[in-house]
Amino acid sequence: MPWLRMLVASAVSTVLVGTAAVTTVAAPDRRGVQDRVHTAGRVKDAGDVLQYSWPGVYFEGRVRGTGVGVVLDDPAADYDVQVDGATVATLVTPGRTTHWVRGLREGVHTVRLVKRNDTPWSTSAFGGFVAAPGGAVLARPAARSRQIEFIGDSLTAGYGNLSASRDCDGEQLKRATNADVSYGALTARRLRADYQINAYSGQGMVRNYNGGSPEVNYRTFYDRALLNVPGDVWQNPGTWRPRLVVVHLGTNDFSTPVNPGEPWTDESLAAAYRSAYSGFLAKLRQRYGPAATILAAGTGPFAGHVEHVVQERTAAGDRGVRHWPLDATGLDHTGCHWHYSARDHRLLADRLTAFLADLPIRW
């Protein structure tokens, strides 16, 4: 991997140009948005809307009739709207609107809304699905029996994965990111699992890309539902109990040389990374219990550190922690700023799925 050439944005997210939303007056089902949709993402119930920040958050519903409206209030993020498994619209920073999908055949339809990009400076709001006149919003789809949590940075978020060039300006980057075709989302769908993509571009375990924003790191934000709200803590409703957690953090810690003025030497950075990583795995173990398999991905200059931490935890009695030596062979890194391309994400999903097949995961 061309580590020194990879550029990872610490506070940049993505917006896409796509089909225009139609603004209409439409109220969501008053029985409560969360009661009428299925989501596995980190959301906060704010009454008439669900609020969220992380990339890849998705909402699934069922409607009867010839049309469905998607109620949104989001000036920053972008979405795909999928009906009966096919993408029918891409919404670009839709703002406050109801986007209508009309002309469906009469009958029951599944609808899925997915947030494509990471917008950590902003709060997104979803107001539910509404049916066209004569139709109805039906009971929400059932949750899947399997759950996977993906923890990472821009490589996990799908940063610039749809780009045709490594050279991207800010607008091109915004239009070329899609967490829904990242290796995490692809792997989860292959395993028929619900998932979270808790990824934050530019953040490291202890050091962010090129030493930026040294007062924070990924661990500062991990517990939040709303990333731009200091002190926010996501309240697990009790339904999120992943049996697999995949951690892919370290690229930003080590992909650039330590700058003059940073409080690190190469040795102290490595030691701090290993210590923080071990503590983070211990936190995940406490949170999700002994039945969860925690998979720590290691590649490039931090692979040895990850393997060392996993070996220490295994020796201490935690047999549910495993090392995934992420194989970067054949990846083209033609996404924005040398990130994984959509092809790379598919290859990684292939490799991760194969690796998981040999693990005794207690789904």
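Is Asp180 buried or exposed? Asp180 counts as buried, at 5% relative accessibility, where buried means under 20% relative accessible area, exposed over 50% and partly exposed in between (1.4 Å probe, protein chains only). The tour returns to Asp180 below.

**Before selecting anything**

The model is predicted: local features need pLDDT of at least 70, side-chain atom pairs count only at pLDDT 80 or more, and totals for chains, interfaces and linings use all residues. Residues are numbered from 1 along each chain as its sequence is written, and side-chain values use heavy atoms, with hydrogens and water left out.

**The whole chain**

Of the 363 residues, 58% count as buried.

**Residues 40-141**

Next, select residues 40-141. An unreviewed UniProt entry annotates this span as "domain: Carbohydrate esterase 2 N-terminal"; UniProt positions are given in the numbering used here, feature names are shortened, and annotations may be inferred rather than shown by experiment. The span is 0% helix and 56% strand, and its end C-alpha atoms lie 12 Å apart.

**Arg144 and Glu60**

Show the side chains of Arg144 and Glu60. They form a salt bridge, with the closest N and O atoms 3.0 Å apart; the term denotes a side-chain nitrogen of Lys or Arg within 4 Å of a carboxyl oxygen of Asp or Glu. The two residues are 84 residues apart: Arg144 is in the loop between strand 10 (136-137) and strand 11 (146-152), and Glu60 is in strand 3 (residues 58-64). Arg144 is partly exposed, at a relative accessible area of 32%, whereas Glu60 is buried, at 8%.

**Arg189 and Asp180**

Move to Asp180, which forms a salt bridge with Arg189; the closest N and O atoms are 3.0 Å apart. Asp180 is buried, while Arg189 is partly exposed at 36% relative accessibility. To view the network of salt bridges to which both belong, select Glu60, Arg112, Arg144, Asp180, Arg189 and Asp194.

**Asp350 and Arg190**

Finally, select Asp350 and Arg190, a salt bridge whose closest N and O atoms are 2.4 Å apart. Asp350 lies in helix 9 (residues 342-357) and Arg190 in helix 4 (residues 183-190), so the pair ties together parts that are 160 residues apart in sequence. Asp350 is partly exposed at 39% relative accessibility, and Arg190 is partly exposed at 39%. The structure holds 18 salt bridges.

Conventions
Helix = DSSP H or I, 4+ residues; strand = E, 2+ residues; numbered from the N terminus.
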